[in-house]
Amino acid sequence: PRPISENYYQPNGDFDHERYSAASDAYWQDQEYRMDSLEGCQGQLNGFFSRAMAPLLSGGGEENRICSPVSFYLALSMLAETTGGNSREQILDLLGIGDIEALRDMAVRVFHGIYQDDGVTAVIPANSLWMNRDIPFVQPTVDILARDYCASSFRGEMGSAAFDQALRDWINRQTGGLLQEQSAGLSMPPETVLALANTLYFRDTWVNQFPVENTAPDLFHAPGGDVTADFMHDTVNTYVWGDHFSAVPKGFSGMGTMWFFLPEEGASPEDLLGDPQVMDVLLSGVDEEREGENWKISTVNLSLPKFDAASDMDLREKLAALGVTGVLDP
């Protein structure tokens with residue numbers, strides 16, 4: 001847990017420095033473990049993100065597309081483990097990794113490196129495999145999926161209401177109930193041999209909250225026409241620009257960052273997906289040493305509409321566009 005200083009005051013009003021210091025040391029040791037787990041992974045992950053982000057997010061029309069490239073990475077890693085031959089090679093090529101042993105090492109480090117649940121920030125990945133009870137499976141592969149991919153395994157009657165409900169319950173447990181509407185329609189047909197499921201739950205707070213008193217209705221220029229929305233207002237201190245956009249970051253408590261991109265007039269968000277300058281901003285993070293290129297420290301008045309978004313996509317066409325075709329061919 002992340003130590004919150006307010007929780008370390010004694011009944012007489014004195015601050016318990018010793019207990020707070022011990023809790024803080026333990027917390028930062030855990031953070032250091034996470035960072036050590038990810039060390040050496042970033043370059044390889046960035047290459048995958050650069051290849052996958054545009055195909056994943058494109059084609060949504062007026063829909064607000066959502067995807068997690070690291071969730072997609074973990075799901076594809078499990079898929080590679082359960083395939084062979086050309087099918088496996090295509091997945092490894094997309095992931096940008098040489099062989100299955102190297103992928104196992106990457107997968108476990110990525111899983112442990114991003115996993116966080118400290119009471120303020122939650123980044124919780126989860127993997128699982130769902131096996132037909134009438135079909136024998138290779139136990140060493142199941143063991144590898146448990147060890148290197150942190151995957152739970154379940155075996156039951158495919159097509160039964162009970163097994164389908166078990167899958168929905170697992171998804172809802174891993175995601176805090178946020179996907180109940182989506183999971184309600186999930187089922188595994190009787191002829192299913194094996195199903196792989198991956199989730200990623202994220203929750204965080206802003207480092208600097210939007211002042212509630214500054215929230216007010218205003219017009220949002222949506223693709224379908226202007227709509228009224230509640231706008232939050234705050235100031236941020238970093239301004240970044242490219243040939244076709246401007247952007248500002250707003251930090252999370254857990255050291256992550258949300259970037260807001262504003263396309264130039266006449267450009268759409270989808271136009272920015274293939275823009276290498278956009279990917280450079282996303283993968284570089286907030287780097288004040290770059291000030292003077294297309295970054296500057298400046299006070300920016302940020303107006304942001306409150307929003308809620310959900311999206312669904314069929315990953316088969318995305319996989320084919322990314323060169324993974326073997327697993328799609330019966």
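This is a predicted model: local features need pLDDT of at least 70, side-chain atom pairs count only at pLDDT 80 or more; totals for chains, interfaces and linings use all residues.

Student: OK, how many helices and strands are in the protein chain?

Tutor: The chain has ten helices and nine strands. Its C-alpha atoms fill a box of roughly 60 × 60 × 40 Å along the principal axes.

Student: And what share of the residues counts as buried?

Tutor: Of the 330 residues, 40% count as buried. The chain exposes about 18400 Å², and carbon and sulfur atoms supply 51% of that.

Student: What about contacts between residues at least 6 apart in sequence: what percentage join residues at least 24 apart?

Tutor: That would be 64% of them.

Student: Switching to charge. How many positive and negative side chains are there?

Tutor: There are 20 positive and 50 negative ones, and the centres of the two sets lie 6 Å apart.

Student: Which residues form a negative surface patch?

Tutor: Glu-89, Asp-93, Asp-99 and Glu-101 form one. Glu-89 sits in helix 4, which covers residues 85-95, and Asp-93 is in helix 4 too.

Student: Is Asp-93 buried or exposed?

Tutor: Asp-93 counts as exposed, because its relative accessibility is 56% and the cut-off for exposed is over 50%. Glu-89 comes out at 39%, so it counts as partly exposed.

Student: How far is Asp-93 from Asn-208, C-alpha to C-alpha?

Tutor: Those C-alpha atoms are separated by 41 Å, and the two residues are 115 apart along the chain.

Student: Now salt bridges. How many does a search of the whole structure find?

Tutor: It finds ten. One of them pairs Arg-65 with Glu-63, at 3.0 Å from N to O. Glu-63 is partly exposed, with a relative accessible area of 35%.

Student: What does Arg-109 pair with?

Tutor: Arg-109 bridges to Asp-105, with the closest N and O atoms 3.2 Å apart. Both residues lie in helix 5 (residues 100-114), and they are four residues apart, about one turn of the helix. Arg-109 has 23% relative accessibility and counts as partly exposed, and Asp-105 is also partly exposed, at 39%.

Student: And which residue forms a salt bridge with Arg-133?

Tutor: Glu-157, with the closest N and O atoms 3.7 Å apart. That pair links distant parts of the chain, 24 residues apart: Arg-133 is in the loop between strand 2 (122-132) and helix 6, while Glu-157 is in the loop between strand 3 and helix 7 (161-174). Salt bridges that share partners also join Arg-133, Asp-134 and Glu-157 into one network.

Student: How accessible is Arg-133 there?

Tutor: Arg-133 is at 49% relative accessibility, so it counts as partly exposed. Glu-157 is partly exposed as well, at 39%.

Student: New topic: which residues make a nonpolar surface patch?

Tutor: Val-193, Leu-194 and Leu-196 make one of about 200 Å². Leu-196 is in strand 4, residues 194-203, and it is partly exposed at 30% relative accessible area.

Student: Last one. What's the phi of Cys-150?

Tutor: Cys-150 has a positive phi of about 55°, although it is not a glycine. For background, most residues other than glycine have a negative phi.

Student: Where does Cys-150 lie?

Tutor: Cys-150 is in the loop between helix 6 (139-149) and strand 3 (151-156). With a relative accessible area of 25%, Cys-150 is partly exposed.

Terms used. Residues are numbered from 1 along each chain as its sequence is written. Side-chain values use heavy atoms; hydrogens and water are left out. Patches are made of residues with over 30% relative accessible area and no salt bridge: like charges are joined within 9 Å, nonpolar side chains (Val, Leu, Ile, Met, Phe, Trp, Tyr) within 5 Å. Accessible areas come from the Shrake-Rupley method with a 1.4 Å probe; for residues, only the protein chains shown count as cover. A salt bridge is a side-chain nitrogen of Lys or Arg within 4 Å of a carboxyl oxygen of Asp or Glu. Lys and Arg count as positive and Asp and Glu as negative; His and the chain ends are not counted. The place of a charge is taken as NZ of Lys, CZ of Arg, CG of Asp or CD of Glu. Helices (H or I, at least four residues) and strands (E, at least two) are DSSP runs, numbered from the N terminus. Buried means under 20% relative accessible area, exposed over 50%, partly exposed in between (1.4 Å probe, protein chains only). Contact means heavy atoms within 4.5 Å.
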